[in-house]
Amino acid sequence: MLRIKSQKMKLRNEKKKKRDAFGHPLFENKEVQKGYIMIKKPLLALRDVVALPGVTAYIEVAKDETIRAMEAAMNDDQMVFTVAKQDAENSDINMDNLFAVGTLARIKQIARMPDKYVRVVLTGEKRAHLMSLESVDEGYIMAVVEADDEEEDIWGDMELLTNHGEPTQQLRRVAMIRQLKQTFREYCERQGKMGQQLQDGVSESIDMDHIIYMITANLPVHYHLKQSVIDEDDPEERFKVLLGVLERELGILRIQGEISEMVKQQVEENQKDYYLREQLKAIYKELGEEDSETEADKFLDKLAHLKAPGKVKKKIREEIGRFKKVNSNNSESAVIRGYVETLLAMPWKKSSRDNNDIAHAQKILDEDHYGLEKVKERILEYLAVKKLNKDGTGTIICLAGPPGTGKTSIAKSIARALGRKYVRICLGGVRDEAELRGHRRTYVGAMPGRVITAVKNAKVKNPLILFDEIDKMVSDGRGDPAAAMLEILDPEQNRHFSDHYLELPFDLSKAFFICTANGTDNISRPLLDRMEVIELSGYTENEKFHIAKEHLWKKQLQQSGLTGRQLTITDKALRTVIRNYTREAGVRGLERKLGSLCRKAAKKVAEEKADNKTKIRISERNIKEFLGKPVHKTNMANERPEIGIVRGLAWTSVGGETLEIEVVSLKGTGKLELTGKLGDVMQESARIALTYVRYLVQDDVPEDYFEKHDIHIHVPEGATPKDGPSAGITMTTAIYSAVMERPVRPDIAMTGEVTLRGHVLPIGGLKEKLLAAREAGMEEVLVPQENSHDIEELEPEILEGIRVHYVHKVEDVLKEILV
């Protein structure tokens, strides 16, 4: 036994050396070395199939390359090398996508089929290892393979005995063959689909390799498992792999049998239950004692107490009649039951009474939220109108603003102030209109849409319904949910809203609809036209301070299990957290930082095991111990005037930002270089700015100046995408400064779109931009003349510490900023 193993190991080492040696050189058609044959044969790459020695296979090929290879083999010695692809879906034929072991096979017949396919009948002869691939001029691939010349028959040597008279290899072979036959016989009995001819062939054969290949070829398993059998060089290893596959399949068949038996018993029990129930009904009928507590009677009792239009009651009564006639074991019975239960649960005429006390609503809104004056004013206006006209329709408001500015939470406060039920419907990622309108009852598992389900859960017809993230709806081939929203949010149409499942009109006109969005750009114009949009801009530092102190800090203390005596924070520390550890338009990040402070303090209290007497005070001095180094650093104004550097203002989804635009003019060929990941609109603004500067300085510089100089415009933080036209006057000023070599005042920031004629056009996001300018230490800000009405609407604290100058043309900008 030891001698045999050492021979096998030596054989494998020699194969590995030869694989390394014969990786790519050209061979003659046959090359014999020490019992191995290096052969070049046409390649037949198989998909989902493994050809095995001693087994006939029927292959259909369509590729011209493969057909030429088969014809070349027929013209030679009819031998080809067949090997399976590792990835059947990959059409590439290379060493990486082919298994290392295949089969040398002899083509018996080639027949051309009417549909351009060629059917090849071949019989496998012996295993072979794929060494390399070669393309030939005839347009097909030759495979260089290594095949055993003659395998050593270690089973026929009766003299190979181990010490102490242990069984011979021949007896071991017989035991393996018997084990294979026994396992295969059991598999055939359980599977029941194997042909008798195959079973007889396996039973009568005494060649173990032949038995292995016959069984492997006929097993209904994935071709990778069949390949794992042929991959093994040692017949004993092939036996072990195949036996493992057979045992696995036997285990699956046993489980299938158990499941089938269980289902059969369950069906018999259901039939028995049905038979007994029918007998029970017949007995009750003969006795004249009908069961009055049936489900249909319960439905009728609920219908008698239901407040609904006559049309609705008639429909429910008809469905209950159908429900009575349908057998309870019929699937239709469950569909009708669910439909009737939904109709009975709908609040057709049930409404909650509004609290029209304006002072009460003002108090609740102020308690829950700091700021948001426009939203609060609009709600109080609604209450005033409702108090004077009780029959008015519902209101549809869209709150648009950056994340974390309180859009969702203010909706809860409005519901509490009005005394209405609150339901929230998240529209983010909704791509199917059936989610809003429901599914028709003809579909299996049909159910009402989200709107009707929300009203049913609220149990009143006039709840406050919040459509969250309405700008995140997706339109694709399945439908357009925004189109379904048109009916829901139109006061003239939602009086008779039709849900596909309900099949009856439902009045949504009394509901109070509030939608939230981060921006209105992605909302369709017809849908936006049906809503009253209220813009929520970012909070100022002072607003964030009051929100943190009056709301967020108390909430985090409560969640951490701490009291106001155990943990306190100074006002300066709060402002430090706002200024140096968060940068956002809302307060979500600020709330997380305050939560981190409370958790770290709670950890200290827990570690000291104190009796609730530990007191921790967070101040500006020790804030780093809790939150580490400051995360954000404000890009402050430069100390001295510089040439070609101008400070612009930008709007982002998390607030305002200052951008330092740099321009350099250097000798070149007249190119305009733009860097800093600028978008298309911003690149166009840069070209307009350069053109207008050339117009301005045409009398002050040589005529060929711009042909002999390159202008390079760069906006720092190159990894951040930037776009928009509002940097037009900033780039114009920077280019002018670089060309004329005139320094620019460092304490002025600006924003505005520039035209080809030098006019300054209005821009958006002015509040956030002014906040960013003030935070960066700017003393003056240049804004377009047409934005003056926006400045007048801003709170005084936003303009505190900065002077605003209005500009109409680029010349006005240059007059203010150039030194």
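Start by selecting Arg437 and Glu487: their side chains are joined by a polar contact of 2.5 Å. Keep in mind that you're looking at a predicted model. Arg437 sits in helix H14 (residues 434-437). Is Arg437 buried or exposed? With a relative accessible area of 15%, Arg437 is buried.

Next stop: salt bridges. Side chains of opposite charge can pair when their charged atoms come close. The whole structure has 38 salt bridges.

Select Arg112 and Glu71 to see one, at 2.7 Å from N to O. This pair links distant parts of the chain, with Arg112 in strand S5 (residues 101-112) and Glu71 in helix H2 (residues 64-75), 41 residues apart. Arg112 is exposed at 58% relative accessibility, while Glu71 is partly exposed at 34%.

Now pick Arg424 and Asp468, whose side chains meet in a salt bridge of 3.0 Å, N to O. Here strand S9 (residues 422-426) holds Arg424 and strand S10 (residues 464-468) holds Asp468, 44 residues apart. Arg424 is partly exposed, at 46%, but Asp468 is buried, at 5%.

Last, colour Ile255, Ile259, Met262, Val263 and Val267, which make a nonpolar surface patch of about 440 Å². Zoom in on Val263 in helix H7 (residues 235-287); Val263 is partly exposed, with a relative accessible area of 42%.

Methods
Residues numbered from 1 in each chain as written. Predicted model: local features only at pLDDT ≥ 70, side-chain atom pairs only at ≥ 80, totals over all residues. Heavy atoms only, no water. Patch = residues over 30% accessible without salt bridge, like charges linked within 9 Å, V, L, I, M, F, W, Y side chains within 5 Å. Areas by Shrake-Rupley, 256 points an atom, 1.4 Å probe, with all protein chains shown as cover. Salt bridge = Lys/Arg side-chain N within 4 Å of Asp/Glu carboxyl O. Helix = DSSP H or I, 4+ residues; strand = E, 2+ residues; numbered from the N terminus. Buried < 20%, exposed > 50% of the residue type's maximum accessible area, 1.4 Å probe, protein only. Polar contact = N/O pair within 3.5 Å; in protein donor to acceptor, adjacent residues only side chain to side chain.
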